[in-house]
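This report looks at one protein structure, with attention to a strand and to the rings of aromatic side chains. Please view the sequence and the structure first.

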Amino acid sequence: MKNKKILEIESLRIIVALLVAIYHIWMHKVSGGVDVFFVITGFLITKSLISTYDRTNTVQPVSFVQRLLKRLYPHIAIVIAFVVVTFSIISPQLQLKTFLLDIFASATYLQNWALISQYNSYIGSIDSSSIFKHLWATSVQGQFYVIWSALFLLLIKLTSKKSSILRTVLMIAFITIFVLSLIFSIYLTAVNQQNAYYNTFTRLFEFAAGAIMCLVYSKISVSKGVSNVFSIIGVFMILTMGLFLNIENLFPGYVALLPVLSVLLVLISTRSNEQSMFNQLLTNKYILALAPLAYPFYLWHWIVYVYSSIILQKKEFNIIEGFLIIIGGLLLAHISHLIIKNTRRRLPILGLMALAASLVIISNQTIQYQQIKDLDLNKKIAEDAYLEDTAFRGALDYQKQQQTYTDLKPAVNNAKHDIGTLYNDNCNQIAKKDEVISCDYGNRKSELKVALVGGSHTVQWFDPIKIIAEQRGFHLKTYTKLGCRFTAEKLKDQACVNWNQNVLKSLKKDQIDLVITNADINSPEYPTIPTGYLQQFKELKRQNINVIAFRDTPWFKKDTLKCVKENSDNVTQCQSDKNEVLSKEDKWLKMGQKPDNVTYADFTPVLCPNGKCSVVQGNVLMYWDSHHLTESYTKTMTLHIDEVIVQALNEL
């Protein structure tokens, strides 16, 4: 009976591993299968710890965890090494710093916490930032091994090694952990579901459920008929709960009790003196032949899936394609299983893979360094590159309050024609059109590509950025649409929504390294950073694209051109208090956790020195209407903008 019970558990693990793959490949949703793994793990680890205690009268957490890692860690090491060696080939936009942090988190069983810090959802876009995402589950398991073995040792010492009361104390501890973790899971799922999904402590109740079952397992006895019913119901729940429940938005919380219950039913079904018909099916020789591949297949299936998605540029796979992905995962799982099983060859092979991985990392580092090195980032841009006439210094004199003027650039009557050369180049998409128009500037041969993306409040910065691209030697591409912000917000303007979706595809296709756009909207309707903006920044991070986000410019309540024309003898009459034309608080600074791929730039100190927002600086008219800067003025801001861009390029 002992072997039979273990075989049934092993069979269930490979079935669930295949189920997880099926849901990922064809349904793009969470199956609840990982929760099944957690319950089984809680059962088996508790069983192993009790067995160790019965033999040795103690538990050594360090040696216990070492034995587990000796068996499991080589699988993770092979997967990580394989990805390091091959991934840069299919994903040339790979950002080394982010990739190395991802490797570190995966290799140290901290991937779940890394994903929490990145606000990363499990089922989302498939790209270079998602390659190790599935290792969050192995990280939670690794942390559980440490927690559980340490808990056993603590309780053994507290009970003075009295085995008669140890099991009672263990039961009390497991029930307590189950209740507290479940309560915490329900709470955190309600207030921050994405954090709850990856959080170790919202998952402990699943492990605890398996541990509780382990303690009472030997006392359970059911008839063959009950065994058959429980087994059928349990397996049916496991296979179908992802179909009927919106698991990815409700998990873990109270909904995670369903996979817990399903596993417990299957485990109870094994406590019959006669094996039921369904349990015989569960442990047939074909399933058992695949059982040893459950763990490595889970590790490999996601890798094959992500590689296929990136190489084929698709997320939707037909039956044959999906089947080939599963076969590929099983084949790689089988190969790594054979390597690890052969202890003589294991170390040399792992050593060679580690060496190859190191060489690839060094190579990528060199290539990325060379790309940055090829840019001229150290020189100071000369004045004559952006200043046509020293009589019109604009932002260079922003600290000098100008009261009168005799001559302005542009003249008030010509201000409406000083809106930027991007308009003259016909590079802005217009209303009701959703196709992406892209224009190229700067060094078009450069491997480093910077994109200007957004609406008119982004377009106004084009001319100084073009100058910087020419001076620094990077390739500048524009993706702009008038009257349409760069946002994931579901706007009434469907053309704008479609354009935003198309732009994201273009940025990925064109292998953009850095996007320049707006950080906020200067409007009372948006008291915080728009969620749609943050979603776009997050999506760019998934594509390994960094961002420079400019704070929005002031929005004057007066007719600035009329005011300047009427007050040439005292142009300060046209100024406005900063709090009248800008939000009183900096929305970006007020925000809690900020996207780590975004460099924020606030030029308010230049536009509004000493809390007063100017309309004229250094004989240059700043605005061509109440809220758009003139080309003549933004060019004089070149050095301020250049400082931000150089900082962002050095961080790539």
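Are Y441 and F462 buried or exposed? Both Y441 and F462 are buried, where buried means under 20% relative accessible area, exposed over 50%, and partly exposed in between (1.4 Å probe, protein chains only).

## Basis of the report

This is a predicted model, in which local features need pLDDT of at least 70, side-chain atom pairs count only at pLDDT 80 or more, and totals for chains, interfaces and linings use all residues. Residues are numbered from 1 along each chain as its sequence is written, and side-chain values use heavy atoms, with hydrogens and water left out.

Helices (H or I, at least four residues) and strands (E, at least two) are DSSP runs, numbered from the N terminus.

Two strands pair if DSSP finds at least two bridges between them. Strand 5 (residues 514-518) pairs with strand 6 in the parallel sense over 5 bridges, and T517 has A549 as its bridge partner in strand 6. Between strand 5 and strand 6 the chain passes through helix 22 (residues 531-542), and this β-α-β crossover is right-handed: with the strands pointing away from the viewer, the path from the first strand over the helix to the second runs clockwise. Strand 6 also pairs with strand 8 (residues 598-601), in the parallel sense over 4 bridges. There, A549 has Y600 as its bridge partner.

## Aromatic pairs

The structure holds 26 aromatic pairs. Rings of Phe, Tyr and Trp (its six-membered ring) pair if their centres lie within 6.5 Å; planes under 30 degrees apart count as stacked, over 60 as edge-to-face and the rest as tilted. The ring centres of Y441 and F462 are 4.8 Å apart and the planes are at 65 degrees, so this pair is edge-to-face. Y441 lies in strand 2 (residues 438-442) and F462 in helix 20 (residues 462-472), so the pair ties together parts that are 21 residues apart in sequence.

F556 and Y623 also form an edge-to-face pair, 5.0 Å centre to centre with 70 degrees between the planes. F556 is buried, with a relative accessible area of 3%, and Y623 counts as buried at 1%.

## A charge over a ring

R203 lies over the face of Y197, at 4.8 Å from the ring centre. A charge sits over a ring if NZ of Lys or CZ of Arg is within 6 Å of the ring centre and within 35 degrees of the ring normal.
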